[in-house]
Amino acid sequence: MLNQEFINSLKQLVGEDRCTFSPEDMVAYSYDANPEKRAKPEGVVSPMNREEVSEIMKLAYKYDVFVTPRGGGSGYTGGCVPVEGGIVMAMDRFNRILEVDRDNFLVILEPGVVVKDLQAEVDKIGLMYPPDPASTGFATIGGNIAENAGGIRAVKYGVTKQYVMGLEVVLPNGDIVKTGSKCIKDVAGYNLTELFVGSEGTLGIITKAVVKVVPKPEARRTMTATFATLEKAAEAVSAIYATGVRPATLEFLDRISVEAVEKAIGFGAKPEEGALLLMEVDGSDHALDSEVDKIQAACERCGVITFRKAESDEDREDLWKARRALSFALCEIATEWEDDDVSVPIARIPMMIRKLDEIAERYNIIIANFGHYGDGNIHIGMTTGKGGGPFPMQAKQDVVKAVVELEGRIAAEHGIGCVKVENLHWNIDEPTMKLMRSVKALFDPKGLLNPGKVMLKG
Amino acid sequence: MTKQTHEEKMAVLLRLVKNEVDKCIRCGECRTVCPVFDDTPSERYTARGKIAIAESLARGDLEFNGHTRELFDNCLLCTGCASQCSSGARADKVVIAVREAFADEMGVPALKKAVAETLSLPRAVLDAGARIGSVAQRLAFKGVPGTSGLYRRFAMPGVDKEQYVPQLAAKSFRNEVRFSGKPGQPRVVFFTGCMTNYSMTEIGHSLVKVLNGLGVSVEVPQEQACCGMPMLASGEADVVRKQAERNVKALANDGDDVAIVTACASCGHMLKHGYLDRFGDDGELAAGLRNIAERTLDISEYLMTRVDRERLEGLLEKKAPVSATYHDPCHLRKAQKIVKEPRAVLEMATGGPVNEMRRPEACCGLGGTYCLANMERSKRIQAKKIDDAAATRADVMATACPGCILQLRDGIRRNVGTDMPVKHVIQLLAEAMKK
């Protein structure tokens, strides 16, 4: 229960219209995109500037109130679900792009800016902000930074952490700290920026960010290739890499995914096509044709069944259709899926898929795999099918085990949140975990900021 | 019939919203398209928030009170969220279902009740009222320069002094036109909508002029009634059902090849989807409603798909191009997915490309009675629209919904910097025709 003095002080600080304690608002701030984890906060506050954030944190510190920061609320691991109650700090009003510094290829902006709006802003002047998660249209940059979001261009361009140059952060005690700078080369002090990136809102609240942008590639080409098996597709990927070509996007669909999409939208897949690669290369227009030729030749050496190239924007949309239709198509197999988001070293994807096939057989379940082949990120959908009975949760643990055996990571681009918190020890050994706990304690001695996330208390 | 208990009613509500609750994965995609959320960034106003709160209400975890009602009243039913949602969740259906529950639990607010009661009156009474109103208006209101509208002379309860009020027609459109064309020609059935019938009759006359010019006769069924959108929005399902029955009688079973055309985005949405969303499993009524839905086309959709383009172009005078910007009515673009057709009509009418404003798809803020019940927020949404339109420096603003015209003219009156005329695309097309 929130202390009445705290409530009154909060109301005085931001005004009654920017904090709420009403039951219906508590429902509206009880979730993110994770299907299971929900918890109501006891209050919600919407600060407008860093001074307010700082004052709110001081107040929370004084009254021992849990604070859960929240951006677009589009996360999949319950990262902004207030599992211990307390207040939600809604960062929606921090939605300004403060400076587009074209000469230095960077943008200074507030965390509530929707990623697509940042991308559109720099696109106007021929620049690109590369991280491109599926939620780009509605996720905020602050959330992307806090979760170190990935996306479909990660294979060539990397993930969010590669683009964050500096941050302004409010610590749990109300201190405002600044990390990094506008400089590409900067070794002045510890690299605290990267400590905050991916910290899932457990160390501080981001109030401003300096992000890097790059020149927009002149052109891009899109193509798909199908193979009999994912092993065959994997050989093709190795062959493509051996040519020196680095696609910007390299997505894959496994047999179950291909079949589901074929059934749902009929994109023309033949029964023998058990794996699909969707690839894009970008760069200068004159160089791309030869890159496409190299990719095609590599695929042909590895037994490609069908190779399609997009000649127009419409063609490109056509090729993307299968990938985009996937979620919808999988709903035809089952409405309830247990999802996971894991990462393995790229060359081990075929091994991981084999292990997943074994798990599917062991538990008599359906596992659909798709994701970002180029960066080793597999999205795993598991189900017992329509009317197939309850899902054997042990299968999920077996997936985690398989990932660890292949030196993979239990979370790739969706964070740990409160959903995977009990599994972190699979990847992080005890001495390392102890260091992480000390870091948390240093930043947040009372453990008030986003409690219950990332790791268990020691 | 025995009266339903509260629990039974909640079970019905839960059944109505369950499908959308199941579909919504709470990803937040709906946040980026909601005009209310854009104005006030609070999760309660998002579609996913409303869906979650609706479920809590139905389960009895939340109370039906002024606070919870406020958030369901704060929806323009623009259907932006539904058209954006990757999972196909229909928050607009949830809002309508919950408003019905509120109407039942707490009654319908007086203002909305008055609108619904007026528009569902028998035709003769409405006609007489409009006639008297048309005269009375001139005493109470001053004319707005350059438009066929008015604003108040004196203080009146419930009406903002700056509010643009449409001039009621001395003679309703349906009383002037019953059939226009020649027997034996191909014909369409024209569903006029209230605004065109009683106020902006020039839209109806323009539609008739264009279609007659193309050799298409226009039949105007006399017994057609208000489509029921305002009543649906205020949660009065019983009244909507009566309107639906009246319209089935007036419009249905006319032969599958005869199109029903409309020049009002909201009427079109209602005829195509609104009735079926609500009464789609309602036996005989549903069959009649399906018949109507299958035959209904927006006028620009009709012109672009059923008419020979060269013939249409042949009717038009070659003049110097006019710079026109276009506002997408929500119920045309988002609800009916009609985006290209009105633009194509507009380009024909003005002889040049559309001078696109920033975010042409953004809601104008009318939302039926929303603009009266939630005036401040409506005006802020409206102001953004007018700013975007004014920035184009176009000569004229076109749209395809009489409701939007009303709201846009009102906005232009309030926001200094532009006196851009606002017209329906069909009006501009009729004006471009050879004399």
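This is a predicted model: local features need pLDDT of at least 70, side-chain atom pairs count only at pLDDT 80 or more; totals for chains, interfaces and linings use all residues.
Setting aside neighbours within four places in sequence, I listed what Leu211(B) touches: Val188(B), Val216(B), Val218(B), Ile299(B), Tyr302(B) and Leu303(B).

Next I looked up the core around it. Leu211(B) sits in the largest nonpolar core, which has 136 residues. Tyr302(B), Leu303(B) and Leu429(B) join Leu211(B) as the residues with the most contacts inside that core.

Then I turned to the interface. Chain B and chain A each put 23 residues into the contact. I read a buried area of about 1800 Å² between them, with 52% from carbon and sulfur atoms. Three residues stand out on the chain B side: Arg26(B), Pro41(B) and Glu43(B) supply 31% of the area chain B buries against chain A, more than any other three.

I checked the charged pairs. The rule finds 4 salt bridges across the interface of chain B and chain A. One of them links Arg70(A) to Glu43(B), with the closest N and O atoms 3.5 Å apart. For polar contacts between the two chains, I got 10 residue pairs.

Last, I sorted the side of chain B that touches chain A. Helices α3 (47-59) and α4 (66-73) of chain B each supply at least two of its residues. The largest share, 5 residues, comes from α3(B). By class, I logged 8 nonpolar, 9 polar and 6 charged residues on that side.

Technical notes:
Residues are numbered from 1 along each chain as its sequence is written. Chains are lettered from A and ligands numbered from 1 in the order in which they are written. Side-chain values use heavy atoms; hydrogens and water are left out. Contact means heavy atoms within 4.5 Å. Buried area is the accessible area (1.4 Å probe) that two parts lose on being put together, summed over both. A salt bridge is a side-chain nitrogen of Lys or Arg within 4 Å of a carboxyl oxygen of Asp or Glu. A polar contact is a pair of N or O atoms within 3.5 Å; within protein, one must be able to donate a hydrogen and the other to accept it, and residues adjacent in sequence count only if both atoms are side-chain atoms. Helices (H or I, at least four residues) and strands (E, at least two) are DSSP runs, numbered from the N terminus. Ala, Val, Leu, Ile, Met, Phe, Trp, Tyr, Cys and Pro count as nonpolar, Asp, Glu, Lys and Arg as charged, and the others, Gly among them, as polar. A nonpolar core is a set of buried Ala, Val, Leu, Ile, Met, Phe, Trp, Tyr and Cys residues joined through side-chain atoms within 4.5 Å. Buried means under 20% relative accessible area, exposed over 50%, partly exposed in between (1.4 Å probe, protein chains only).
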